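I open the notebook here and set down, entry by entry, what I looked up in this structure.

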Amino acid sequence: MWSKPQQTCPLSHEEIVQRQKLANFLDTASEDDFTEKAIVPLFQRLGFHRVSPSGHTEKTLEFGKDLWMKYQLPTSHWIYFCAQVKKDKIDASGTGGNSNVATVLTQARMAIDHPIFDPEANRKVLLDHLFLISAGEITQAARMWLVEQLDAGQRRHIIFMDRDEFLDRLRTGGPSSLRQFMKCPKCSQEMERRFHKPSETAYLLKPYYFSEWDYCKACRHVQHYENYKVYNKDRSLTSAAAT
Ligand SMILES: [Zn+2]
């Protein structure tokens, strides 16, 4: 899924400019900006659902997860992903207690071991894969060191994604601009991405629902997308929510 795309045809002038813009952004953005303006829109466009960044205060409670999201299989089952986001290069120099690769390892172990709560399924779930994402480079030495520290069971969860892979995404569904938020089709204001609140359950009783949608604060227009339509096939969940 994340293998490098084939670079067969050369980049167009527009793509080179776009790539340079994104590179400049990666150099200067804060970790929160990198997450919210680049990673969240990218994963949304790739078809992941409920791409939810943890706020500042939640981060410590989220056990090393800066972001979680889910992806629906053709069988209607969900698989769960977390992302750990680093602004800086991840390298293996000085793998002592306070080097950044050691921090990444500690957080990766925590993320793998601690379940996340999916309000739509109303239960805790273990994650299937963990993206380790850096706005800089993740050196080969760092990747090898991390993989060596993890046991076989933990190792299979990890997917690395660094600057080069991120820039390559431009050609295969990546963000074509840094602001991917929808403009309202009625009044052209920027729309806000909305999710169901954890306390809501009524939508689980309907034949289908939208896991996320855009809302225009200016004119109250609600925009749904077919891509985020979810069928309530699990009847046991539906009846549990009814009681
Ligand atoms: Zn509007």
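Strands here, like helices, are DSSP runs numbered from the N terminus (E, at least two residues, for strands; H or I, at least four, for helices). β6 and strand β7 (residues 158–161) run parallel and are joined by 4 bridges, where two strands count as paired if DSSP finds at least two bridges between them.

Before going further I wrote down that this is a predicted model, in which local features need pLDDT of at least 70 and side-chain atom pairs count only at pLDDT 80 or more, while totals for chains, interfaces and linings use all residues. Residues are numbered from 1 along each chain as its sequence is written.

I then looked at the other partner of β6 and found that strand β3 (residues 78–86) pairs with β6 in the parallel sense over 6 bridges, with L132 in β6 as the bridge partner of Q84. Strand β6 (residues 129–134) is mostly covered, since 5 of its 6 residues are buried; a residue is called buried if 20 or more other C-beta atoms, placed from the backbone, lie within 10 Å of its own, exposed if 12 or fewer do, and partly exposed in between.

Next I followed the sheet itself, which is open and has 5 strands in the order β1-β2-β3-β6-β7, with mixed pairing. β1 (49–53) and β7 stand at the edges with a single partner strand each, so one side of each is left without a neighbour in the sheet. Direction ignored, neighbouring strands of this sheet are turned by 20° against each other on average. I also checked β2 and β3, which pair in the antiparallel sense over 6 bridges, and there Q72 stands opposite W78 in β3.

Which strands does α2 lie across? I found that α2 lies across β1, β2, β3 and β6 and runs at about 175° to β1. The angles run from 0 to 180 degrees between N-to-C directions, with axes taken as lines fitted to C-alpha atoms, for helices over the stretch in contact. α3 packs on the sheet as well, touching β3, β6 and β7, and its direction makes about 160° with that of β3; contact means that the C-beta atoms of two residues, placed from the backbone, lie within 7 Å.

Of its 29 residues, I39, L67, C82, A83 and L130 touch the most other members. The largest share of this core, 6 residues, comes from α3.

I turned to a second open sheet, in which 3 strands take the order β8-β10-β11 with antiparallel pairing. β8 (192–195) and β11 (222–223) are at its edges, each with a single partner strand, so one side of each is left without a neighbour in the sheet. In this sheet E192 stands opposite Y215 in β10.

Last, I checked pLDDT, the predictor's confidence in each residue from 0 to 100. The protein averages 78, and 79% of the residues score at least 70. Among the elements, β6 has the highest mean pLDDT (92) and helix α7 (residues 235–242) the lowest (47). Over residues 236–243 the pLDDT is below 50. Where pLDDT is low, the predicted coordinates should not be read in detail.

Terms used. Core = buried A, V, L, I, M, F, W, Y, C linked by C-beta atoms within 7 Å.
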